[in-house]
Amino acid sequence: MRTPTKEEIQKYWVNEGNKFLLVTLYTLGNVAAFVYTFVHYYHQPAFKIAGYGVCFARGCAQLLKLNCALILVPVLRNLLSWLRGTFLNNYVPFDKNIVFHKLIAWVICFATFGHVMAHFNNFRIYENTLKQTYEETLKVPYPGLTPIQYAFTTLAGWTGHVVCVVMVLMYTSAVESIRRPMFEGFWYTHHLFVVFFGLLVVHGLHSVLEPTSFWKWVIGPCGLYIFERLIRLLRSKKTTMLVQARIHPSRVIEIRMKTERFKYKPGQYLFLNCPTIAQNEWHPFTITSAPEEDFVSCHINVVGNWTGKLSTLLNPDKKIGIVQENVLKSPDGKPILRIDGPFGAASEEVFKFKQVILVGAGIGVTPFASILKHIKYQMARTYNTTPLIDKVHFYWICRDRNSFEWFSGLIGELEMENHNNFLEIHPYLTGALSAQEIRDVMYGDEEKDLITGFTTPTQFGRPKWDEIFADHALRYADRDVGVFFCGPKLLSKSLYRASTHYTKTTTCRFHYNKENF
Ligand SMILES: Cc1cc2nc3c(=O)[nH]c(=O)nc-3n(C[C@H](O)[C@H](O)[C@H](O)COP(=O)(O)OP(=O)(O)OC[C@H]3O[C@@H](n4cnc5c(N)ncnc54)[C@H](O)[C@@H]3O)c2cc1C
Ligand code: HEM
């Protein structure tokens with residue numbers, strides 16, 4: 001195998017560099033923690049009795065301490081949102097927080113398995129060790145227990161088993177195939193993490209080998225997590241007014257709200273709670289208004305239980321258009337809505353680039369609405385000065401014609417104003433048209449596209465990413481282009497592949513960023 005050239009490494013670094021750096025540091029940290037503890041116990045008296053079993057059990061315990069300290073960090077949303085604004089954003093892939101959370105969780109799972117297996121082996125050895133040898137070596141009284149008694153009657157034994165049961169519940173409910181269809185079940189079961197941490201704090205209290213130190217590792221992250229929850233609680237107390245609720249076609253509700261002290265950046269998201277529907281359920285939605293506007297808006301696709309109930313609450317008569325105005329309380333007297341946020345997301349990074357490709361599929365168009373509005377306001381303000389972004393290529397992919405209505409007003413306006421031709425719009429319709437729609441398209445007014453109302457014609461079918469990227473690579477040779485996607489996972493994979501492929505094979509550097517709902 002040949003060594004990669006400097007240029008190849010640089011190209012690889014564009015999309016993988018930060019992830020590579022983080023995973024390397026994380027792996028080295030884990031290897032160091034395990035090896036250090038393993039070698040340490042190799043030189044301890046306990047090794048004379050239990051041999052490598054004790055080294056392995058303690059090495060895995062050290063991995064557990066390190067990873068339990070780390071696992072909360074990627075879910076500290078407020079901390080991460082704040083860190084995004086610092087220099088660390090150049091080195092840490094903050095958008096991969098949940099992937100990292102899962103990676104740590106799986107390391108915890110494997111370390112637990114190793115730890116438990118090693119201890120069962122040790123219990124068997126302790127049972128067969130002579131009382132005198134045990135007491136002389138370890139300088140503690142010989143417990144004289146059978147492996148089963150070690151496993152279930154000692155503090156470490158029973159807490160360890162309960163932790164394993166808790167983990168089985170947490171892990172099985174967290175796998176994608178269960179989490180997606182049963183999100184609430186996952187959410188409540190996941191909060192068993194409190195029991196998980198609580199039991200691990202007491203797990204090693206009676207250890208004969210060394211005083212327990214688990215609490216020292218997790219006290220910091222747990223403190224930060226409690227602080228995070230307090231911030232969420234305080235924020236949820238703020239009064240929020242529903243200024244307007246508008247029902248769009250294709251089951252989308254646009255809500256405009258006003259709340260106290262709410263500063264956000266384009267591309268960020270918030271959590272919404274409706275106490276009438278569920279007191280403790282918070283759902284994430286991207287902010288679709290721009291910071292310059294005097295309201296905060298979200299576009300909500302009605303897909304399931306909570307969004308369905310919200311739709312019924314706001315629109316009992318199933319009308320289209322404006323259905324609510326200036327509402328503070330639900331009919332049951334509870335606040336109509338509560339907001340927590342804002343939180344940082346991948347789309348925030350758009351303003352790092354002068355040339356950007358935005359790809360919004362279905363409701364995934366929401367982050368770009370805020371970004372495009374913000375650019376519009378900025379352009380109006382800095383008309384003759386340096387623009388925020390030189391060129392935006394906006395690919396808007398919808399399955400049905402109605403979905404274009406969500407933001408057609410905004411995009412149409414931007415298309416008309418289009419200072420310095422900064423915006424290129426590429427609407428794509430991937431679903432089939434009805435017979436009437438086909439007639440409209442064939443015999444309609446040629447000035448404006450009949451599907452979207454824009455001057456740019458709608459293309460039918462899926463975008464041909466290879467042709468599109470090859471074209472952009474030529475146009476932006478030697479430059480950095482930000483590619484931002486929000487939508488389904490499958491499409492994300494094609495875009496990621498195109499971004500890395502054309503970065504590798506041309507002189508243009510496509511920086512890929514994605515958000516999945
Ligand atoms: C960062 C982010 C931004 C989002 N922005 C938008 C947006 O602008 N517009 C929009 O229509 N949708 C958005 N979503 C998706 C939206 O949160 C879900 O569609 C909504 O929570 C569904 O709830 P439900 O009970 O009606 O549906 P369910 O049928 O219960 O859930 C449908 C799917 O939504 C997800 N989901 C459900 N509840 C939650 C929750 N409490 N927290 C996180 N995910 C959940 C799960 O993946 C689930 O499979 C966003 C999601 C995320 C993570
Ligand atoms: C012992 C192991 C684990 C612990 C202690 C743990 C802990 C947590 C905590 C504290 C949260 C944040 C809850 C909140 O404040 O909102 C969280 C969120 C989450 N966890 Fe875990 N977790 C563990 C394992 C896993 C596993 C195995 C998976 C998936 C395979 C997983 C996936 C998730 C996801 C998807 C979220 C939601 C994050 C978000 O949307 O904000 N976790 N976890």
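Which backbone N or O atom lies 3.0 Å from an oxygen atom of ligand 1? The close-up views below start from that contact. This is a predicted model, in which local features need pLDDT of at least 70, side-chain atom pairs count only at pLDDT 80 or more, and totals for chains, interfaces and linings use all residues. Residues are numbered from 1 along each chain as its sequence is written, chains are lettered from A and ligands numbered from 1 in the order in which they are written, and side-chain values use heavy atoms, with hydrogens and water left out.

**View 1. Backbone contacts to ligand 1.** The atom asked about belongs to Trp 306. A backbone N or O atom of Gly 304 is 3.4 Å from an oxygen atom of the ligand, and one of His 299 is 2.9 Å from a ligand nitrogen atom. Polar contacts are pairs of N or O atoms within 3.5 Å. On its own, ligand 1 exposes 870 Å², of which the protein buries 82% (Shrake-Rupley method, 1.4 Å probe).

**View 2. The shell around ligand 1.** Of its 19 residues, those nearest are Arg 180, His 283, Pro 284, Asn 301 and Thr 307; a residue is near if one of its heavy atoms lies within 4 Å. The shell holds 10 nonpolar residues, eight polar and one charged, with Gly counted as polar and Pro as nonpolar.

**View 3. Elements that supply the shell.** Strand S4 (283–286), strand S5 (296–301) and helix H13 (305–314) each provide at least two residues. S4 contributes the most, with four. Helices (H or I, at least four residues) and strands (E, at least two) are DSSP runs, numbered from the N terminus.

View 4. Over residues 226–349 the chain is 17% helix and 36% strand, with its end C-alpha atoms 28 Å apart.

How values were computed
Polar contact = N/O pair within 3.5 Å; in protein donor to acceptor, adjacent residues only side chain to side chain.
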